[in-house]
Amino acid sequence: MPGAIDSQTRAEITRLRETLHYHNHRYHVLDDPEISDAAYDRMMQRLIELEATYPEMASPDSPTTRVGAPPLSKFESTRHALPMLSLDNGFDEKDILDFDQRIRKLLATDDAIQYTAEAKIDGIAVALVYENGRLAMGATRGDGEYGEVITENIKTIRSVPLVFQPSKAHGLPSLLEVRGEVFMGREGFQRLNQQRLSDGLSLFANPRNAAAGSLRQLDSKIAATRPLQIFCYGVGRFSDLQVTSHWQMLSSLKEFGFKINPLTRARVTIEEVFDYYRILNEQREALPYEIDGMVIKVDDLLLQAKLGIKSRSPRWAIAYKFKAAQETTTLLDIEVQVGRTGTLTPVAILSPVNLAGVTVSRASLHNEDDIAQKDIRIGDTVFVERAGDVIPRVVKSIPSLRTGEESVFTMPKQCPVCGADTLRERNLISGRLEAATRCMNAGCPAQVKENIKHFASKGAFDIEGLGDKLVAQLVEKEAITSAADLFYLDKSSVIDLERMGEKSARNLLAAVEKSKRITFDRFIFALGIRYVGENVAGLIAKHIPTLEDLFHVTKETLLTIDGIGEVIAESICFYFQQAQNRRLLHRMIEGGVMIQYPAAIQAEYLTGKTFVLTGTLQGMTRNDAKKQLMARGAKVTGSVSSKTDYLVAGDAAGSKLDKAKALGITIISETTLNKMLSDATDSSPSSVI
C-alpha cells in the first residue's frame, strides 16, 4: 500500500504538471519549443510514476490524461446552450457582393463594413467548455442543437489547453465555451494511412474523414495515437470577457493559450476580402492542412447582434468556397428514386471516378428540368463536381464527344415502385408548375418506407433498432401501413420477421414503448411535413402551445414567426387541414404517444439545478435521463463538484457516489428521479388533443 504523500512530493507533482503544460503550449500552440523531446518525455514519465504511486493525486487536467482514459460503452449526448449554427455558402464574387449588400441594407448604412477573414479548415467543429480555466467538457457539433460528449478524446489533442491562465486584460473567465475546428494535417494523415496499410486495415478516404473517425473513438487511447490538431475560431457562452469585436475575441483566446489560425486577416473591407481569397486559393495546396475556402464574418460584435441569425445560420457570416473539384466521366444510366414525399429524384450512375480524394459512382441530377437545361443524356461524357461534403453533382455534358449512341432521359409517367401515375403539381403560392415530379399514391411502399424511416430517426422518435431493412420487412409484410401502426405492434407482428428472434422482438417493442414520450418539436419534425426540418419544427413548438392549436393555426399566425415564410406556412396549414392526417395523429395518441410541451416541461425547482448521473439506470439510459433533465431546465455534468445539486445513483455506482457523500451532495435514486420528472410533466394523453 502506498504511504501518505509528503509535502515535498506533492509540490513536485504540482511543479511537473505546470511545467509540462507550459512546454506543451510552447510546442503545440506556439511552435517554439524550449526543451528537447527527450527532456519532455523524462518529465512526463516521472509524473506518470508519481501519480501511479499516489492515486489520490489524480487530476482530470493532468498532462498524463492526454494518453487516453478507459474505453466508454457509448457517447453521451449534450445540448448546446447556444446552437452551433451552420454557414451559408457563396461560390463566386457575386454571392459575396450580395452578402455585403444584404448586410449594409439590414444595417441601413452605406458605409463600408469591416470583416474578419479566416481560412476555412476542412475539419470537425467542436465546443470546449471551461469552468474557472479548466476543461470541463468537449463536445461535437452534432446536429447543431445536440452533440456528443467527447471530452476524453479532446484531451488527447495536444494543442487543446487542459487549463488556461488568466490574461492581463480579461483575468480568468469563470465560464468560457471555445469553439474550434479539429483537423488532421496532410503529413499526419499520410502517416496514419501508411500505418493502417501496414496493419492490413482499411484506409481513410481523406483527412476530414480520418479526423471525424478519430474523434468518435470510444477508446480515447486510440484517439491519442491520431495526429489531431485544432484551430479555435469563436466562442459560445462566456462570462467576464469584455470584447467588442470578433478579432479582439480571437486575440483574447490567443492570450489564454488557444491556437488561432495565423492566416486570419482582421478588419478588412469587402474588396480586401477578394484579394485575400485569391491569395489563399494560390497558397492552399502548399499549406500543411486542407482548406476549402474562406469564412467571412462581420467584425463588430454589436453589429453581429443587430443582424441576428436565421433558423440555421447567422446573417453576419458566410463561407466563400473555393471552386469545386471537377473530373470527367461517363454517365452510364439514370435511376429514379422515390422519396418520403413522393418526389421522383433522378440519380446519375457514373463510371467510377476519383474526385477530391473520394471515389464517386453516383451523383445528383436534381430534377427533369435540370437535365433538360443542361442537355444531359445517358451515355454522355460529363463533368462531375464535388465541393467538401456536398453531394457530387453533374455540372454539364460534353456534346462534342457524343457518338450517336446516347439517349434522352424522360421522367417516368408511372412510379417505378408502385406503378401509380406521376404528376408535376402546381406551387401552392405561385400557381406555377413545380420542378419536382411526384408519385400521387400516398400508399406507395417507397413513400411509406421513407416516411417511417424518417419518423423513427434519431432527430424524431429515435426508435432504436428500427433500421432500413426492418422497416422494409414490416411494410412489405403489411404489418404496418403508416407510422401510427408502430405503436400497435405486438410480439406476433414481428416474431416471424427475418433475423428476428425472441430477444430482438422484445428489444424492438421496448424501444417503441420508450419512444412514446416525446418533446413537441421532435414530434412535429417526425411527421415529415414538407419544408419542415428540425429548425422549423423547433420554431413551431416555441410559438404554438399544443397540437390542438396546430389543428386550427392560420397562415397569418405562422407568418408572425421569424424564420417561417409563405411556402412553409401554406405547407403546415395544408397538412393539418387534411382529415387523414388528423386521423393519423389521433391514432398515435390513442396508441400511447405522450407529447411533452415546452410550457409543461419547465419545472422551477429543476431550472438551474445541476445533476450528475452515475451507475446503471433500469428504466432508461443515462442519456435519456440527461435529455429529460435538460428539457426541464436542469444542467447535467459529468463530474461531481461543490456546485452539484443532485447525484442520481443507479446500480453499481462508482467513485462519483463516494465523492458526492464526501461533499454532502444530495443523493437520489432512479425512483426519486422519475418522480421529479413526472411532477414536472403533464403527459396525460387527454391533454394532448
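Mentor: Rings of Phe, Tyr and Trp (its six-membered ring) pair if their centres lie within 6.5 Å; planes under 30 degrees apart count as stacked, over 60 as edge-to-face and the rest as tilted. Here Y130, F164, F256 and F258 form one aromatic cluster. The model is predicted, so local features need pLDDT of at least 70 and side-chain atom pairs pLDDT 80 or more, whereas totals for chains, interfaces and linings use all residues. Residues are numbered from 1 along each chain as its sequence is written, and side-chain values use heavy atoms, without hydrogens and water.

Trainee: How many aromatic pairs does this rule count, and how is a pair of aromatic rings described?

Mentor: A pair is described by the distance of the centres and the angle of the planes. The count comes to 19 aromatic pairs. Y277 and Y320 are stacked, because their ring centres are 3.7 Å apart and their planes lie at 10°. Y320 is buried (under 20% relative accessible area; exposed is over 50%, partly exposed in between, with a 1.4 Å probe and protein chains only), at 3% relative accessibility. The pair of Y575 and F576 is edge-to-face, with 5.1 Å from centre to centre and 80° between the planes.

Trainee: At what angle do helices α12 and α13 pack?

Mentor: Two packed helices are described by the angle between their axes and the distance between the axes. Helix α12 (residues 445–455) packs on helix α13 (residues 468–476) at about 135°, with the axes 10 Å apart. Axes are lines fitted to C-alpha atoms, for helices over the stretch in contact, and angles run from 0 to 180 degrees between N-to-C directions. Helices (H or I, at least four residues) are DSSP runs, numbered from the N terminus.

Definitions and conventions. Helices (H or I, at least four residues) and strands (E, at least two) are DSSP runs, numbered from the N terminus.
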